[in-house]
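Below are some exercises to work through, each followed by a step-by-step solution.

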Amino acid sequence: MQCFISHIMKLRFIGIIPARYASTRFPAKPLAMLGGKTVIQRVYEQVSSVLDNVCVATDDDRIREAVEAFGGRVVMTSPDHKSGTDRICEAYNKLYPSTDKDTSTDIIINIQGDEPFIQPSQIKTVMECFNDSHTQIATLGKPFTDIEALKNPNSPKIVVDNYGYAMYFSRSVIPFIRGKEESEWIGSYPFLKHIGLYAYRSDVLKEVTKLPQSSLELAESLEQLRWLQNGYRIKVGLTDVETIGIDTPEDLEKAEAFLLKVEG
């Protein structure tokens, strides 16, 4: 345990929250109100309960003004980024230029701006993945407990090796359980749902943002397959916590109901 603590203390963990105003399914989502606070403020506060270095990366002045209004740190980024990974890389480079100091021990954590209930335990689990010096990228997996959820193509699945590293991500149910009815699958194999929280070593983040889209990524529409296909190692931490992401106005209504239940 002492070895783990000393290793973690040598690393600097930086939380960056990419937030866009434009969204096909839910425009202005980061500024939507949830229990008297904007969604982006709730995300920021959850992350700040674990990390000292937190920043929102946005391309919109309305989001910048909202973050500054609650005392948050924000950096403006290009409106042309195709992914949140590209956005956090630009933000990191602006916040921590490599010429300022040695940034080789920096770990950048990408927290989705639509996850107001992200839990401190989940962030800590991703941080702990870097106790393994071979970890280049880390993410989370949660055991599936329901067959219908498992079959949902909007819930990517992860297959891991014996050392906790991702072998593949898919929208399909993998592996296929031969010789058993679907109703028996959940109890026959530890299927893992992918939770989209990522962390990267600083040099790896800069490298993966320069990679062209890969054939597997294009097939499944999963960015992490680009990294796997190019040989990067993704450590998968395990969590039992289910969070409520907000993709649509209907999700916001569910989040309001959940908040009322939690806060009374």
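**Exercise 1: A residue in a strand**

A138 is buried, as its relative accessible area is 0%; buried means under 20% relative accessible area, exposed over 50% and partly exposed in between, with a 1.4 Å probe and protein chains only. Before going on, please note that this is a predicted model, in which local features need pLDDT of at least 70 and side-chain atom pairs count only at pLDDT 80 or more, while totals for chains, interfaces and linings use all residues. Residues are numbered from 1 along each chain as its sequence is written, and side-chain values use heavy atoms, with hydrogens and water left out.

Task: find the strand that holds A138, and find how far its C-alpha atom is from that of V126.

Solution. 
- Step 1. A138 belongs to strand β7, residues 137–143. Helices (H or I, at least four residues) and strands (E, at least two) are DSSP runs, numbered from the N terminus.
- Step 2. Between the C-alpha atoms of A138 and V126 there are 6.0 Å, although the two residues are 12 apart along the chain.

**Exercise 2: The neighbours of β1**

Task: work out which strands pair with β1, and in which sense.

Solution. 
- Step 1. Apply the criterion: two strands pair if DSSP finds at least two bridges between them.
- Step 2. Strand β6 (residues 106–110) pairs with β1 in the parallel sense, over 5 bridges. Here F13 stands opposite I107.
- Step 3. Strand β4 (residues 53–58) also runs parallel to β1, joined by 6 bridges. In β4, N53 is the bridge partner of I14.
- Step 4. Check the burial: 7 of the 8 residues of β1 are buried, leaving the strand mostly covered.

**Exercise 3: Backbone angles to check**

Task: which residues other than glycine have a positive phi, and where is a cis peptide bond?

Solution. 
- Step 1. Recall the background: most residues other than glycine have a negative phi, and most peptide bonds are trans.
- Step 2. A28 has a phi near 65°. A28 sits in the loop between β1 and β2 (33–34) and is buried, with a relative accessible area of 18%.
- Step 3. S221 has a phi near 60°. S221 is in the loop between α8 (215–220) and α9 and is exposed, at 53% relative accessible area.
- Step 4. The cis bond joins I174 and P175, with omega about -5°. P175 is placed in the loop between β9 and β10.

**Exercise 4: Two helices**

Solution. 
- Step 1. D251, L252, A255 and L259 are buried in α10. They cover an arc of only 100° around the axis, so they lie on the same side of α10; the arc is that of the directions from the helix axis to the C-beta atoms.
- Step 2. On the face of α10 turned away from its buried side are the exposed residues E253, K254, L260 and K261.
- Step 3. α4 is mostly covered, with 9 of its 12 residues buried.
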